[in-house]
Amino acid sequence: MNIDMKNIEALRELFAEPRKVVIVGHTNPDGDAIGSSLALAEVLTARGHKVACTLPNNYPYYLRWIPNSESIIIYRNDEEHITDKIIGEADVIVCADMNSLSRADALGEAVAKNSTAKRVLIDHHLFPSEGFDIVFSHPESSSTAFLMYTVIVALYGKEAVNEKIATQLYVGIMTDTGNFAFSHLTPELFEAVAALSATGIDIPQIYNNVYNSFTEGRARLFGYTINRKMKTLLGGKVAYMSLTEEEMRRFWFQQGDNEGFVNYPLSIKKMKMSAMFTAQQGFIRVSLRSRGDIDVDTFARRYFNGGGHKNAAGGKSFVSMEETIEHYIKSVNEYHEEGLV
Ligand code: 5GP
Ligand code: MN
């Protein structure tokens with residue numbers, strides 16, 4: 001991956017003296033947001049900077065083992081408003097795995113209030129927003145963690161990456177590539193993975209910690225969702241699933257339990273696009289996945305006020321589940337008429 005060496009020099013200059021740094025990730029944080037934030041935090045802390053990681057809301061239980069994850073401040077639970085104070089005092093604010101402050105909701109608004117800190121963006125989503133001083137925007141990177149690895153190595157060399165940092169980065173790479181099954185799998189990525197592996201990380205253990213650590217309720221909810229809730233359109237080329245709060249309660253839902261469900265319809269040979277609608281407090285979370293040329297980033301932008309990547313995107317819906325599904329079916333048909341699915 002070709003990163004801009006001028007940016008590296010700018011970062012080097014920025015971190016030439018001790019800084020107060022805040023690292024911010026997106027709402028509904030995933031392994032990539034957490035892994036890349038914590039890795040950067042570890043690297044900067046080792047060089048004498050004061051670093052805090054903060055996320056808008058909590059992350060799923062099967063990511064709680066990630067080294068240092070317990071140190072992350074969850075903005076929504078921060079009743080004493082420690083985060084606002086830390087953000088207000090920060091010299092540097094790094095946004096990782098998000099292309100705009102709006103992806104961090106209320107936390108993004110808190111960050112926007114600090115107008116003097118240098119703002120750094122390290123991200124792999126399309127269409128980075130304005131307002132950052134140093135921008136690493138690489139949609140061709142399969143994960144922010146791989147980009148973060150590249151930035152860390154360019155700054156401080158491979159020696160800067162120890163086993164702990166390698167574990168944090170590997171989680172991001174593994175989860176965002178679907179354990180090396182999605183697009184953008186380049187030779188450089190595997191070279192990075194080889195270097196991470198050389199630090200002594202336990203790859204099967206990391207896999208087990210993330211993918212074989214669910215509750216019984218999650219397994220049963222998954223079966224229910226695929227068996228009872230998966231509907232298809234356009235002769236089986238497009239799928240959608242939905243979960244209401246009542247259904248989630250029935251299976252002792254814990255945050256993160258539905259993560260990855262949306263990928264499953266794409267295991268059907270002729271399936272091109274899949275959607276998952278999950279009830280949240282006050283809105284419906286929309287998750288979209290596609291194969292090949294079908295562009296769900298555009299679909300999410302156009303119909304669900306969201307975005308993401310070409311083959312994995314998301315958004316929100318503020319009407320009822322029934323209306324959301326109706327809107328989806330209508331949108332899929334429109335997309336189909338334009339030859340886009
Ligand atoms: P997921 O379906 O796993 O929540 O998200 C898939 C991708 O879409 C991720 O890259 C995520 O950052 C992006 N995404 C999810 N929800 C939203 C949203 O509400 N707005 C935008 N712009 N991107 C989203
Ligand atoms: Mn990511």
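**Figure 1. A salt bridge between Glu247 and Lys229.** In this predicted model, the side chains of Glu247 and Lys229 come together in a salt bridge, with 2.8 Å from N to O. Glu247 belongs to helix H10 (residues 245-250) and Lys229 to helix H9 (residues 216-229), so this pair ties together parts that are 18 residues apart in sequence. As a reminder while you look, side chains of opposite charge can pair when their charged atoms come close. By the rule used here, the count of salt bridges comes to twelve.

Figure 2. Where they meet, 14 residues of domain 1 are in contact with 16 residues of domain 2. Together the domains bury about 1,100 Å² between them, and carbon and sulfur atoms give 43% of that area. Three residues to look for are Asn28, Tyr61 and Leu126, which supply 41% of the area that domain 1 buries against domain 2, more than any other three residues.

**Figure 3. Polar and charged pairs across the domain interface.** Between domain 1 and domain 2, six residue pairs are in polar contact, counting pairs with both residues at pLDDT 80 or more. On the side of domain 1 that touches domain 2, the residues divide into seven nonpolar, six polar and one charged. The rule finds one salt bridge across this interface. Look also for Lys316 and Asp105, whose side chains meet in a salt bridge at 3.3 Å, N to O.

Figure 4. Which residues hold the donors of the manganese ion (ligand 2)? They are Asp32 (OD), Asp97 (OD), His124 (NE2) and Asp176 (OD), lying 2.2 to 2.4 Å from the ion. Along the chain, these donors follow the spacing D-x64-D-x26-H-x51-D. Two of them link distant parts of the chain: Asp97 sits in the loop between strand E4 (92-96) and helix H4 (105-113), while Asp176 is in helix H6 (residues 163-176), 79 residues apart.

**Figure 5. Positive phi at His81 and Asp105.** Here is a pair of backbone details to enjoy. His81 has a positive phi of about 55°, although it is not a glycine. Its place is in the loop between strand E3 (73-74) and helix H3 (82-89). Asp105, also not a glycine, has a positive phi of about 45°. Asp105 is found in helix H4, and its side chain is the one that meets Lys316 in a salt bridge.

Key
Residues numbered from 1 in each chain as written. Chains lettered and ligands numbered in written order. Predicted model: local features only at pLDDT ≥ 70, side-chain atom pairs only at ≥ 80, totals over all residues. Heavy atoms only, no water. Contact = heavy atoms within 4.5 Å. Buried area = accessible area lost by both parts, 1.4 Å probe. Salt bridge = Lys/Arg side-chain N within 4 Å of Asp/Glu carboxyl O. Polar contact = N/O pair within 3.5 Å; in protein donor to acceptor, adjacent residues only side chain to side chain. Nonpolar A, V, L, I, M, F, W, Y, C, P; charged D, E, K, R; others polar. Donors = N, O, S within 2.8 Å, 3.2 Å for Na, K, Ca; no water. Helix = DSSP H or I, 4+ residues; strand = E, 2+ residues; numbered from the N terminus.
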